[in-house]
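The sequence and the structure are shown first, and selected parts are then described in turn.

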Amino acid sequence: MADVLRFEGRRVAVEPGDTVASALYRAGIRTFTRSLKYHRRRGLSCMTGDCPNCLVNVDGVPGVRACTTDAREGQVVVRESGWPTAEHDLLHVTDRLHRFLPVGFYSKTFIRPRFVWGLAERAIRRATGVGRLPIGRPAGEKPARAVHVDLLVVGGGVAGLAAAASAAAAGSRVLLVEERRLGATAWDEGVLERIEALAAEATAAGAQILEHHTAVGLYEGPFVPVVGPVEVLHVEASRVVAATGAVEAHAVFPGNDLPGVFLARGATLLGVRHGIAPGRRAVVVATTDEGRASAPALRNVGMQVLVHDGPVIAAEGDRHVDAVVVETPSGRERIPCDTLVLSLGWAPRDALLRMGVDQEVAGAGEVVVPGCTLAEAEASGRRAANGHHQPPTDVPTVPITGDGYVCLCEDVSLHDRERAWEEGWRSSEILKRYTTATMGPCQGAVCGRLLAAFAGARSDAVASAGARTTSRPPARPVPLEDLAAGVDETIEQRTSLHDRHLELGARMERSGSWSRPTAFGAIDDEIRAVRHRAGLMDVGTLGKFLIAGRDAAELMDRVFPIRIRDLAPGRSRYLVALDEAGYVIDDGLLAALDHGRFYLCTTSGRAPAMEAWLRDWIDRWGLHVHLLDQTAQLGAILVAGPKARAILGRLTGDDVSAEALPHMRHADITVADVPCRAVRVGFVGEVGYELHHDRSRGPALYDAMLDAGQVEGAQPFGLGALDVLRLEKAHLYLGQDTLPDDHPAKLGLEWAVAMDKPDFIGKRALERMGALPLERTLVGLRIDGEPRRGVPLLPTELVAGDARAAVVPTPFYDPEGARLRA
């Protein structure tokens, strides 16, 4: 018994090898969608996933391409574009209202009164689109996996497989991805046989071939995200070969979007691969070898076929093609038919190739030589595998013979483009934005070249008007949940003391990407230990950077608003990092080392961003600076409290007295036989030493310090105690105490900015903002009652829930700073 799918209450038989589109077409379905704006009937056309004509809802998922989706038992398929149904769509009346819905009408019609737009928007949203989002449906949890290869080949045709086979035979690690099954878009037996042979050759040479995997973009690297059925691959490749092929060019004439107008490859795939005649009588108009070969192939499936060599003037019909008007030597002729098959040129699928400009990306096969022979495609692939970059062949556009639909996705006609041009939108890029052409599901694959050719051919166009619009990811439509693949996967960073924390009974929590102790017992006991005795804290999560090179001091002086030139070796200074708008993006500590080097400590969560930020400025300014991120290499342990110096003194022979190592100084010492850089800090408001050391020695150092601190009653403490200790001292947690648009004056950090320096990042913005009144400042509050986190603070009476608050000076604890400087 044959498999069946459910289609709008009907049972539809599924034959082996069927797509959803072929199964429905065999069952008599000819209207697959209604167009976006005018609700015109749209039927199968390309059968390769390059046009928007077959978008349906499959198993609750909208916008699924029926022609590339395998049909299977139990699927539920519905058409969503039409009211009340796609077959009987009352909204088709808009096709008679073109004069009231001109190009860009939504930008013109609902400007005043403004309240009308709110009403109109809801109506427009109901009437347009490709379907309804599955609200309430549980999100998938598709994992992401990183893959590193020497060569990534995108496209499993003859050229792509030849490239993979050659590169793998030469010893390269090769991955080939194909968005469908190998050979799914080929109908010629010779092509299919060659694909099978090349796939065997590539596999035998060691290449990995992944079917049903779609490359959706190409980024700097080259980095290519590839969406598969069960996972998303993040592919880092040394080189990329784009063998993405070409689709037959879209022709523009009246009626060019009617059901029954096919591209030759689509009609022949339907007939040869699926055994379904696209109609009874076809007119084939072809200028390509593949298009000409489609005529006998369609005759073999029982169709009457008339081959015509002249231009198509129009396709006629209401629900479907009824006749075609063509140009003949003796004049125009009307030919009755139910199918029009076109192959008038090629449009290379070059989106990925154009994204890879200035990278190690080469094209192969029809994407660079459209319409090439089988032997030429194979040779092109093998050359690309060897690093040969073949320039794309210039492809002429199909002549336009009359007003028709240029962009099938957005219902943009030739008339719409002409009107937009007359209104002053005079380049392909701004025509795209105004008319929305190329912005639909096909991403310009069908109409992109026509848009550029239209703009470039105008007599009043500037030289750049006809440039192709920018190719941007995604190259193929991709569900948002696939873009979010891996977001549920937590990459947990751990310090070298993680296991020790667990042995001591710590309650762990995530702080950014790090696993850190919240507390080892009662938080109040940990606070008292630090205030009265001593506490130990793992601060290995801090960002840690070594900056060296002849321009190291210049870099520090130009990026940070603190004074650098008077920072002598052995001294440290608190710093804030500002962006070009003058907003605080990070804070930390800068320690001056010998030989013009610096040691920079930043907040835990911002370390990767700080590295990228500094490297960006190094490159922009052309500085000779070596930047080494030591965050993962080094651990750090804080010992803080009145007894901290005594504990440290038991473990080192170096002088750690207040005179030898005062507050905001640093020195290289040895503690419990572990070389350390000791940095005097006071984040918790007590005498404190951060001991930065080789990560591998962390557990031994920690154990030694715990043992040495037993006499004083020292104990480990976590983030819970730290939050209270630093808050009492009014020390900031960026992101928790601050907002993205806070500049130093709002946070009371003017003292950390040397405005008398000639320049630093953000100085100009601070000068401008300095002339404006402050809209808010960070203040200290003394609260009468027990505040609850997250309760709004009402400024009229400073009331937070049931508690009342008063503004008081800060810091709350040891305002003179005597304890941390002791």
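## Terms and overall form

The model is a predicted one.

The chain holds 21 helices and 42 strands. Its C-alpha atoms fill a box of roughly 105 × 70 × 60 Å along the principal axes. Of the 822 residues in the chain, 52% are buried. Among contacts with a separation of 6 or more, 65% are between residues 24 or more positions apart.

## Helix α11 and the residue after it

The buried residues are Ser428, Glu429, Leu431, Lys432, Tyr434 and Thr435. They pack against α2 (105-108), β25 (412-413), α10 (414-422) and α12 (448-457).

Just after α11 comes Thr436, which takes a positive phi of about 70°.

## Helices α4 and α5

Two packed helices are described by the angle between their axes and the distance between the axes. Helix α4 (residues 158-169) packs with helix α5 (residues 189-205) at an angle of about 25°, and their axes are 8 Å apart. Because angles under 35 degrees count as roughly parallel, α4 is roughly parallel to α5. The crossing in which α4 passes α5 is left-handed.

On the α4 side, the contact is made by Val158, Leu161, Ala162, Ala164, Ala165, Ala168 and Ala169. On the α5 side, Arg194, Ile195, Leu198, Ala199, Glu201, Ala202 and Ala205 take part. By class, this contact of α4 with α5 has 12 nonpolar residues, no polar residues and 2 charged residues.

## Helix α7 and strand β17

In helix α7 (residues 289-299), the buried residues are Gly291, Ser294, Ala295, Ala297 and Leu298. These pack against α6 (264-273), β16 (281-286), β17 and β21 (339-343).

Strand β17 (residues 304-308) contains His308. This residue counts as buried because its relative accessibility is 10%, and buried means under 20%. A polar atom of the His308 side chain lies 3.1 Å from the backbone nitrogen of Gly310. The backbone oxygen of Glu327 lies 3.0 Å from a polar atom of the His308 side chain. Leaving aside neighbours within four places in sequence, His308 is in contact with Val283, Val284, Val285, Ala286, Val326, Glu327 and Thr328.

## Arg40, a buried residue in a loop

Arg40 lies in the loop between β3 (33-34) and β4 (41-42). With a relative accessible area of 16%, Arg40 is buried.

The side chain of Arg40 makes polar contacts with two aspartate side chains: that of Asp95, at 2.9 Å, and that of Asp257, at 2.7 Å. Both aspartates are also in the list of residues in contact with Arg40, neighbours within four places in sequence left aside; the others in that list are Thr33, Arg34, Ser35, His92 and Tyr405.

Asp322 is in strand β19 (residues 321-328). At 46% relative accessibility, Asp322 counts as partly exposed. Neighbours within four places in sequence left aside, Asp322 is in contact with Glu316, Gly317, Pro336 and Cys337.

Arg132 is found in the loop between α3 (115-127) and β8 (144-154). Is Arg132 buried or exposed? With a relative accessibility of 60%, it counts as exposed. The C-alpha atoms of Arg132 and Val61 are separated by 8.5 Å, while the residues are 71 residues apart along the chain. Leaving aside its neighbours within four places in sequence, Arg132 is in contact with Pro62 and Glu80.

Terms used:
Residues numbered from 1 in each chain as written. Predicted model: local features only at pLDDT ≥ 70, side-chain atom pairs only at ≥ 80, totals over all residues. Heavy atoms only, no water. Axes fitted to C-alpha atoms, helices over the stretch in contact; angles between N-to-C directions. Helix = DSSP H or I, 4+ residues; strand = E, 2+ residues; numbered from the N terminus. Parallel < 35°, antiparallel > 145°, perpendicular 65-115°, else oblique. Left-handed = near helix turned anticlockwise from the far one by under 90°. Contact = heavy atoms within 4.5 Å. Nonpolar A, V, L, I, M, F, W, Y, C, P; charged D, E, K, R; others polar. Buried < 20%, exposed > 50% of the residue type's maximum accessible area, 1.4 Å probe, protein only. Polar contact = N/O pair within 3.5 Å; in protein donor to acceptor, adjacent residues only side chain to side chain.
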